[in-house]
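I opened a notebook page for this model and wrote down each thing I looked up. The entries follow the order of looking.

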Amino acid sequence: MKRANSRPVRAGSVTIGGGHPIVIQSMCATRTQDIDATVAQARMLHEAGAGLVRIAVDSTKDVEALAEVRARVPEANLVVDLQENYRLVTQVAPHVNKVRYNPGHLYHHEKQKPVRDKVALIAETAVRHDLALRVGVNCGSVDPEMDAKFAGADEPGLEGVRAMVESALEHCGILDSLGFTRYVVSLKDSDPKKVVAGNRLFAAQRPDVPLHLGVTEAGMLPDGAIKTRIAFEQLLTEGIGDTIRVSLTLPFAEKWREVEVGRQLIDDIEAGRFRSVPKNFGEGLNIISCPSCSRVENEAFVDLAFNVKEMAAYAKDYNVTIAVMGCRVNGPGETDDADLGLWCAPNFVNLKRGEEELGAFQYDTVLDRLKAELDAIIETKRKPAAV
Ligand code: SF4
């Protein structure tokens, strides 16, 4: 496979970029503070072949659990996903090999503090603890200033791509100016077209920076694997991409399938076996669902996602997007582009239609309301996309 000339970035025992084999990653979906479950999941993902295992950390209690997981699974390379609370980096650093931060989340805390100072803290901590970094930008959570600056800059269907790429370039510039080059970048969205466009645009400007590829909220099998394949086949054959994560909604005990799907995909591309996309794929009903992680508000989320898919099957020929998210951190933003969006709270599910919030519903009643809304949307569609 043709490889781009990206620089090598070491994270624990694996090296990303620089012509090294593509590293497959995955993420624990268990509650980080459920130490036994997280240890079992980290071990399972490592044994399945994940070169990096990511864990979500949001609190000091999560950090304490992380330290225990580190001690019990020393063989895995661990990555932590920082969200708004970027200052946790100093606490998590001794226990991991890599840290991911999202530029779109640095704006939430300490609004007066320059972003450069926040990035400097993360980079200094990474140097002190021998860590790699990932600048992980998502189309659905680009920082608001960048989003406003590039509003209208994209072709129809690729809205938000330019802002996502510019945000990544801005942070590469900050890290470079701090003298920190041990970082990779990811540019993700749930739409494979945006993933392809964003990564191509970025790679053309920064071929030296290793890229982590992923289609967020790709959903359940088999559609989740197909969406991912659409993006990865195009990018990897162009030499774009040094590490991958396949984000699938799966029962916790089956998270190893993310690694299996990723490996199969790489093997196929390396062997020149390109799978044709099923006819009319991308038309009709589109269900987006997150892969879940420690932040999931209720473990009923996975069942909810599968039940939504089953309930909505009758609408397969209509161009309707339903997004199902596991938490309040990313739920509201990541459902913005969907016709119908659901995101979990501990004891209820939030529902919205377009940008209109419809309220909170019990886990066992939300499907009835969702169906009513879906029926109403179908009524407004003049004709099925494909029959
Ligand atoms: S939406 Fe929330 S629960 Fe789902 S993967 Fe993202 S952070 Fe985790």
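Entry 1, ligand shell. I sorted the shell around the ligand by class and got seven nonpolar, four polar and one charged residues. For the classes, Ala, Val, Leu, Ile, Met, Phe, Trp, Tyr, Cys and Pro count as nonpolar, Asp, Glu, Lys and Arg as charged, and the others, Gly among them, as polar. The residues around the ligand include Cys-290, Cys-293, Arg-295, Cys-327 and Gly-331; the criterion is a C-beta atom, placed from the backbone, within 6 Å of the molecule.

The model is predicted, so local features need pLDDT of at least 70 and side-chain atom pairs count only at pLDDT 80 or more, while totals for chains, interfaces and linings use all residues. Residues are numbered from 1 along each chain as its sequence is written.

I placed Asn-350 in strand 14 (residues 349-353); strands (E, at least two residues) and helices (H or I, at least four) are DSSP runs numbered from the N terminus. Is Asn-350 buried or exposed? Asn-350 is buried, because 21 other C-beta atoms lie within 10 Å; buried means 20 or more such atoms within 10 Å, exposed 12 or fewer, partly exposed in between, with C-beta atoms placed from the backbone. Not counting residues up to four places away in sequence, Asn-350 touches Gly-331, Leu-342, Trp-343, Ala-345 and Ala-360; contact means C-beta atoms, placed from the backbone, within 7 Å.

The domain assignment gives domain 1 (9-270) and domain 2 (286-380), with bounds from an automatic or database assignment. I found their C-alpha centres 24 Å apart. The contact takes 20 residues from domain 1 and 20 residues from domain 2. On the side of domain 1 that touches domain 2, I noted eight nonpolar, nine polar and three charged residues.

Leaving aside neighbours within four places in sequence, I listed the contacts of Val-80, among them Ile-55, Leu-66 and Val-99.

I recorded 12 helices and 15 strands. Buried residues make up 50% of the 387 residues.

Note on methods:
Contact = placed C-beta atoms within 7 Å.
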